[in-house]
Amino acid sequence: IGCGVMAAQGWEYPDDEGGFVVPSSGDCVRQADAEKLGLAQRPDVVVTFPGAWETEAVRSPDGEVVAARSPRMAEVLSDNLVARATEAHRVGAAFIVVAWACRGEGTPPGRADPEFIDWVNGVFRSAMGRARRSGADARYLEPGPESCTGGLAGTPTEARRGWMADSNHVLGWEQGLSFWNEWLGPALVEEMTQR
């Protein structure tokens, strides 16, 4: 939570002073350990909501700066998601990436840009296709009309505005339960029973 896709592997994201830092005061390097603990419980499904941090350039542990929305960024994101899907597969879990969608009020301009939304979701779809071809149960899940009006780059429905403050922050405990009960939980059940 609060970490870019590559932060667990030591990748850094831009800070307010023009440099690069590991998000969440450096705590994101512990994400890999948290994921290992979770996978050790042998879940049926692993769900991830990337997209919030993927609007920006990143710096690798060896100092390579990768520009946002570049072919290299697509490669790095895809490789990371395929690796995570493969890890989930090793414990018998499906791996689901939820599309970046429904820019709500308060969503920073870069995250709300329809071109970014199309680009990043294209990367997610492609990565899950690669993971499936390698044998993993990897899936890409898009919110439907109960969540978004006008497609993925559209606006949130009234229900979604009641769940989320922007594109990715749930408003509170009760709103999170509603988000799960009214959209995510049923969507996951439907997705998992389709195959």
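A disulfide is a pair of cysteine sulfur atoms within 2.5 Å. The model is predicted, and it holds two disulfides. A search of the whole structure also finds five aromatic pairs and ten salt bridges.

**Disulfides**

- Cys-3 and Cys-28 form a disulfide, with 2.1 Å between their sulfur atoms. The torsion about their S-S bond is about -90 degrees, so this disulfide is left-handed.
- The pair of Cys-3 and Cys-28 links distant parts of the chain, 25 residues apart. Cys-3 belongs to the segment before β1 (13-14), whereas Cys-28 sits in the loop between β2 (20-21) and α1 (31-40).
- Cys-3 is partly exposed, with a relative accessible area of 21%, because buried means under 20%. Cys-28, at 0% relative accessibility, counts as buried.
- Cys-102 and Cys-148 form a disulfide, their sulfur atoms being 1.5 Å apart. The link of Cys-102 and Cys-148 is left-handed, with -100 degrees about the S-S bond.
- Cys-102 lies in the loop between β6 (94-98) and α3 (109-112), and Cys-148 in strand β8 (residues 148-149), so the pair ties together parts that are 46 residues apart in sequence.
- Cys-102 is buried at a relative accessible area of 0%, and Cys-148 counts as buried at 7%.
- With bonded cysteines counted along the chain, the disulfides follow the pattern 1-2, 3-4.

**Aromatic contacts**

- Among the five aromatic pairs is that of Phe-49 and Phe-179, which is tilted, with 6.3 Å from centre to centre and 50 degrees between the planes.
- This pair links distant parts of the chain, 130 residues apart. Phe-49 lies in the loop between β3 (45-48) and β4 (58-59), and Phe-179 in helix α6 (residues 173-193).
- Phe-49 is partly exposed, with a relative accessible area of 41%, whereas Phe-179 is buried, with 7%.
- Phe-49 and Phe-179 also belong to one aromatic cluster, together with Trp-163 and Trp-183.

**Salt bridges**

- Side chains of opposite charge can pair when their charged atoms come close.
- Glu-75 and Arg-72 meet through their side chains in a salt bridge of 3.1 Å, N to O. Both residues lie in helix α2 (residues 71-90), three residues apart, about one turn of the helix.
- Glu-75 counts as partly exposed at 39% relative accessibility, and Arg-72 counts as partly exposed at 32%.
- Asp-79 and Arg-130 are joined by a salt bridge between their side chains (3.0 Å, N to O). The pair links distant parts of the chain, with Asp-79 in helix α2 and Arg-130 in helix α4 (residues 114-133), 51 residues apart.
- Asp-79 is partly exposed, with a relative accessible area of 36%, and Arg-130 counts as partly exposed at 32% relative accessibility.
- Arg-90 forms a salt bridge with Glu-87, and their closest N and O atoms are 2.1 Å apart. Arg-90 and Glu-87 both lie in helix α2, three residues apart, about one turn of the helix.
- Arg-90 is exposed, with a relative accessible area of 57%, whereas Glu-87 counts as partly exposed at 38% relative accessibility.
- Salt bridges that share partners join Glu-64, Arg-72 and Glu-75 into one network.

Key
Residues numbered from 1 in each chain as written. Predicted model: local features only at pLDDT ≥ 70, side-chain atom pairs only at ≥ 80, totals over all residues. Heavy atoms only, no water. Phe/Tyr/Trp six-rings, centres within 6.5 Å; stacked < 30°, edge-to-face > 60°. Helix = DSSP H or I, 4+ residues; strand = E, 2+ residues; numbered from the N terminus. Buried < 20%, exposed > 50% of the residue type's maximum accessible area, 1.4 Å probe, protein only. Salt bridge = Lys/Arg side-chain N within 4 Å of Asp/Glu carboxyl O.
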